[in-house]
Amino acid sequence: VQLQASGGGLVQAGGSLSVSCAVSGRIFDVGAMGWYRQAPGKQRELVATITSGGSTNYADSVKARFTISRDNAKNTVYLQMNSLKPEDTAVYYCNARIQTTAWGTRNIYWGQGTQVTVSS
């Protein structure tokens, strides 16, 4: 199983960026998916999560600015980031709870991370 993140980059404050993360490999079922971020010198923190049914949860710091969504047919999760601030600068990681066989349990898998840099 692999999670491949793409998108991100450099943007000025107030701008927008989007990142996506596609799951590939031997998959039976994909449960909740999410985005986390880690800024230099800080711990990794939750950004947003989304269940397979579409229920979402956001960190207070990104509410009303970021939108998480997913395409279950493509096993892909997206994060649309608007009104970006310099403090949003971080490496963004996706994760997913994945069941690889019908008789197995869901385990958490992580993507490789993608850099988002917001200049002031």
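## Strand pairing, and the pair β9 and β10

Two strands are said to pair if DSSP finds at least two bridges between them. In this predicted model, strand β9, residues 90–99, is joined to strand β10, residues 106–110, by five bridges, and the two strands run antiparallel. β9 and β10 together form a hairpin, with six residues lying between them. Within this pair, R97 is the residue that stands opposite I108 of β10.

## The chain as a whole

The protein chain is built with zero helices and 11 strands, so that reading along the sequence, because helices and strands are taken as DSSP runs numbered from the N terminus, gives the pattern β-β-β-β-β-β-β-β-β-β-β.

Of the 120 residues in the protein chain, 38% count as buried. Among the contacts with a separation of 6 or more, 55% are made by residues 24 or more positions apart. The chain exposes about 6,300 Å², and carbon and sulfur atoms supply 47% of that area. As for charge, the chain carries 11 positive and 6 negative charges, whose mean positions are 5 Å apart.

## Strands β7 and β8

Strand β7 is joined to β8 by six bridges, and these two strands run antiparallel. One of the bridge pairs places T67 with its partner Q80 in β8. The hairpin of β7 and β8 has four residues between the strands, and in this hairpin N75 takes a positive phi near 50°.

In a regular strand the side chains alternate between the two faces of the sheet. In β7, the covered face consists of F66, I68 and R70, whereas the uncovered face consists of T67, S69 and D71.

D71 lies in strand β7, which spans residues 66–71. With a relative accessibility of 25%, D71 counts as partly exposed, because that class lies between the limits of under 20% for buried and over 50% for exposed. Not counting residues up to four places away in sequence, D71 touches T76 and Y78. D71 and S16, by comparison, are 55 residues apart in sequence, and their C-alpha atoms are 21 Å apart in space.

## Positive phi values in two loops

A64 has a positive phi of about 75° although this residue is not a glycine. The place of A64 is in the loop between β6, residues 56–58, and β7, and its relative accessible area of 85% means that A64 is exposed.

S83 likewise is not a glycine, yet has a positive phi of about 50°. S83 is found in the loop between β8, residues 76–81, and β9, and with 40% relative accessibility S83 counts as partly exposed.

L10 lies in strand β2, residues 9–12, and at 65% relative accessibility L10 counts as exposed. Leaving aside neighbours within four places in sequence, L10 is in contact with T117 and S119. L10 and S52 are 42 residues apart in sequence, and from C-alpha to C-alpha they are 30 Å apart in space.

S20 is found in strand β3, residues 17–24. Is S20 buried or exposed at its relative accessibility of 18%? S20 counts as buried, because 18% falls under the 20% limit. Once neighbours within four places in sequence are left aside, S20 is in contact with Q4, A5, S6, W35, T76, V77 and Y78. S20 and Q80 are 60 residues apart in sequence, while their C-alpha atoms are 8.7 Å apart in space. Q80 is also the bridge partner of T67, and T76 and Y78, which S20 contacts, are touched by D71 as well.

Key:
Residues are numbered from 1 along each chain as its sequence is written. This is a predicted model: local features need pLDDT of at least 70, side-chain atom pairs count only at pLDDT 80 or more; totals for chains, interfaces and linings use all residues. Side-chain values use heavy atoms; hydrogens and water are left out. Buried means under 20% relative accessible area, exposed over 50%, partly exposed in between (1.4 Å probe, protein chains only). Contact means heavy atoms within 4.5 Å. Accessible areas come from the Shrake-Rupley method with a 1.4 Å probe; for residues, only the protein chains shown count as cover. Lys and Arg count as positive and Asp and Glu as negative; His and the chain ends are not counted. The place of a charge is taken as NZ of Lys, CZ of Arg, CG of Asp or CD of Glu.
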